Amino acid sequence: MASCMTPEDPSLGLLIHCVRLGLIRHLEQALENDGCGLNFTQFRTIKVLSEAESITPSELARALDHDAGALTRLLDRLQEKGYVRRKPRDDDRRVVDVSLTEAGRALWNSIRVTADRVSALAQSNLSAAEQAQLFALLTRVRTTLEGGALREIA
């Protein structure tokens with residue numbers, strides 16, 4: 001991670017990018033060590049699906065910021081592993097609902113613990129107060145960016 005940025009380049013965006021890359025690397029390694037055979041995008045997909053009874057592919061693509069073609073391949077792989085199912089709706093067979101299978105829900109319960117371990121590791125050098133402050137500050141930055149306040153600068 002040291003090569004991700006230098007002290008001479010104190011860019012907030014680059015720092016957040018480097019932290020994200022480090023978290024992803026550690027999570028993927030932990031998932032591999034646990035024998036899950038998932039990458040970060042597959043992990044995120046299972047996480048999103050764990051939060052809903054079912055969801056359409058277009059809703060899932062928006063939640064993951066993924067294009068439809070890549071999502072189809074991603075869902076194919078997760079379906080082959082037995083973690084997701086795609087089922088046409090009874091009232092409109094053109095609409096497909098995606099959901100986790102029982103195996104997918106069991107997997108989520110396992111990988112959620114792994115993700116929590118990685119998050120704890122990332123924050124292990126911070127006090128509880130610093131962790132809360134970091135979360136609060138990053139949440140405020142996200143809220144500002146999502147609110148579009150910075151569009152006025154352009």
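Predicted model: local features only at pLDDT ≥ 70, side-chain atom pairs only at ≥ 80, totals over all residues.
A polar contact is a pair of N or O atoms within 3.5 Å; within protein, one of the two must be able to donate a hydrogen and the other to accept it. A contact of this kind is found at the start of helix H2, where a side-chain oxygen of asparagine 39 comes to within 3.1 Å of the backbone nitrogen of threonine 41.

The protein chain contains six helices and two strands. Read along the sequence, these elements follow the pattern α-α-α-α-β-β-α-α. The C-alpha trace spans about 55 × 45 × 30 Å along its principal axes. The chain has 154 residues, of which 27% count as buried. Among contacts with a separation of 6 or more, 48% are made by residues 24 or more positions apart.

Eight of its 11 residues are buried, so H2 is largely enclosed by the rest of the structure. The buried set consists of Phe40, Gln42, Phe43, Thr45, Ile46, Val48, Leu49 and Ser50. These residues pack against H1, H3, H4, E1, E2 and H5.

Beyond its neighbours within four places in sequence, glutamine 42 is in contact with Gly37, Leu74, Arg77, Leu78 and Lys81. Threonine 45 also has its place in H2, and threonine 45 is buried, with a relative accessible area of 0%. A polar atom of the threonine 45 side chain lies 2.8 Å from the backbone oxygen of threonine 41. Sequence neighbours within four places aside, threonine 45 is in contact with Leu60, Leu64, Leu74, Leu75 and Leu78.

At the start of H4, a side-chain oxygen of aspartate 67 reaches to within 3.1 Å of the backbone nitrogen of glycine 69. After the helix comes glycine 82, which has a positive phi, near 85 degrees.

Leucine 31 is buried, its relative accessible area being 0%. Not counting residues up to four places away in sequence, leucine 31 touches Cys36, Gly37, Leu38, Phe43, Ile111 and Thr114. Leucine 31 and serine 110 are separated by 79 residues in sequence, while their C-alpha atoms are 9.7 Å apart in space.

The largest pocket has a volume of about 1500 Å³. It is lined by 33 residues, and those closest to its centre are Val19, Leu23, Ser119, Phe135 and Leu138. The elements that give two or more residues to this lining are helix H1 (12–33), H2, helix H5 (102–122) and helix H6 (128–147). H6 provides the largest share of the lining, 10 residues.

Helix H6 itself has 20 residues and reaches 28 Å from its first C-alpha to its last, close to the 28 Å expected at 1.5 Å a residue. Within H6 lies threonine 139, which is partly exposed, with a relative accessible area of 26%. The side chain of threonine 139 reaches the backbone oxygen of phenylalanine 135 at 2.7 Å. H6 is followed by glycine 148, whose phi is positive, near 80 degrees.

Key:
Residues numbered from 1 in each chain as written. Heavy atoms only, no water. Helix = DSSP H or I, 4+ residues; strand = E, 2+ residues; numbered from the N terminus. 1 Å grid on protein atoms, 1.4 Å probe; cavity = no way out; pocket = protein on both sides within 12 Å on 5 of 7 lines; lining within 4 Å. Points joined across faces, edges and corners; volume = space filled by probe spheres on them. Buried < 20%, exposed > 50% of the residue type's maximum accessible area, 1.4 Å probe, protein only. Contact = heavy atoms within 4.5 Å. Expected span 1.5 Å × (residues − 1).
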